[in-house]
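Welcome! Please take a moment to look over the sequence and the model before trying the exercises.

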Amino acid sequence: MRVEPERVELVYAPDFGEVKEAVRVRLRATVWWRLLRWTAWGGGVLAFLVAGLALLPPSPEPGTTALMTVLGLVAVGCAESLPWATAQSLFRLIRTQGEAHAVVDGDGGRWTSRDSETTIRWPLLPRYVETPRLFVLLTAKQSGTGFAYLPKRGLAGPADEDRLRTLLDRNITRA
């Protein structure tokens with residue numbers, strides 16, 4: 001008797017909220033994102049302090065104040081909008097492919113959509129993060145910023161969520 005390997009299937013349509021959540025999980029898992037964000041906020045605070053000092057007597061400089069305020073807002077605005085802009089860009093590509101079909105098993109995952117078929121083996125995505133709506137599969141810390149996501153709403157039922165979690169725990173580590 002041949003035993004079929006355990007596998008979990010998901011079928012789901014693209015959802016911007018899920019893409020945005022997956023991008024945020026990916027960014028939070030990287031050192032460079034935290035460094036970039038803190039640098040932007042630090043630069044913004046510094047620019048606001050310079051703007052405030054430029055207004056003090058004996059020679060207030062409203063032009064410098066305006067410039068520093070704008071620079072502070074731009075620094076913080078860019079850092080805070082990056083996850084949304086990245087998710088928007090990815091979602092435009094994903095949305096054109098329509099419904100996705102994913103199969104996860106002991107070897108890795110296979111995603112099929114209208115015009116693409118992708119197979120990713122576990123060594124490329126060795127860790128994952130679970131959120132209330134998603135399983136986000138991540139590349140190793142040293143190898144970059146790749147990720148894949150599996151929305152829980154794409155599972156056939158609640159038992160499949162536990163089966164998928166068990167399958168992931170068996171093959172990769174929870175980050």
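Predicted model: local features only at pLDDT ≥ 70, side-chain atom pairs only at ≥ 80, totals over all residues.

Residues are numbered from 1 along each chain as its sequence is written, and side-chain values use heavy atoms, with hydrogens and water left out.

**Exercise 1.** Describe the aromatic pair formed by F16 and W84.

*Solution.* 
- Start with the rule: rings of Phe, Tyr and Trp (its six-membered ring) pair if their centres lie within 6.5 Å, and planes under 30 degrees apart count as stacked, over 60 as edge-to-face and the rest as tilted.
- A search of the whole structure finds five aromatic pairs.
- In the pair of F16 and W84, the centres are 6.4 Å apart and the planes stand at 75°, which is edge-to-face.
- Next, place the residues: F16 is in helix α1 (residues 16–28) and W84 in helix α3 (residues 62–95), 68 residues apart, and the pair links distant parts of the chain. Helices (H or I, at least four residues) and strands (E, at least two) are DSSP runs, numbered from the N terminus.
- Finally, ring pairs link F16, W84 and F91 into a cluster.

**Exercise 2.** Is W33 buried or exposed?

*Solution.* 
- Recall the cut-offs: buried means under 20% relative accessible area, exposed over 50%, and partly exposed in between (1.4 Å probe, protein chains only).
- W33 has a relative accessibility of 6%, so W33 counts as buried.
- For W32 the relative accessible area is 41%, so W32 is partly exposed.

**Exercise 3.** Which residues does S113 contact, leaving aside its neighbours within four places in sequence?

*Solution.* 
- Locate S113 in the loop between β3 (108–112) and β4 (117–121).
- Contact means heavy atoms within 4.5 Å. With those neighbours left aside, S113 is in contact with Q97 and E99.
- S113 counts as buried because its relative accessibility is 17%.

**Exercise 4.** Which residues does E21 contact, again leaving aside its neighbours within four places in sequence?

*Solution.* 
- Find E21 in helix α1.
- Check its accessibility: at 19%, E21 counts as buried.
- Apart from those neighbours, E21 is in contact with T131, R133 and L134.
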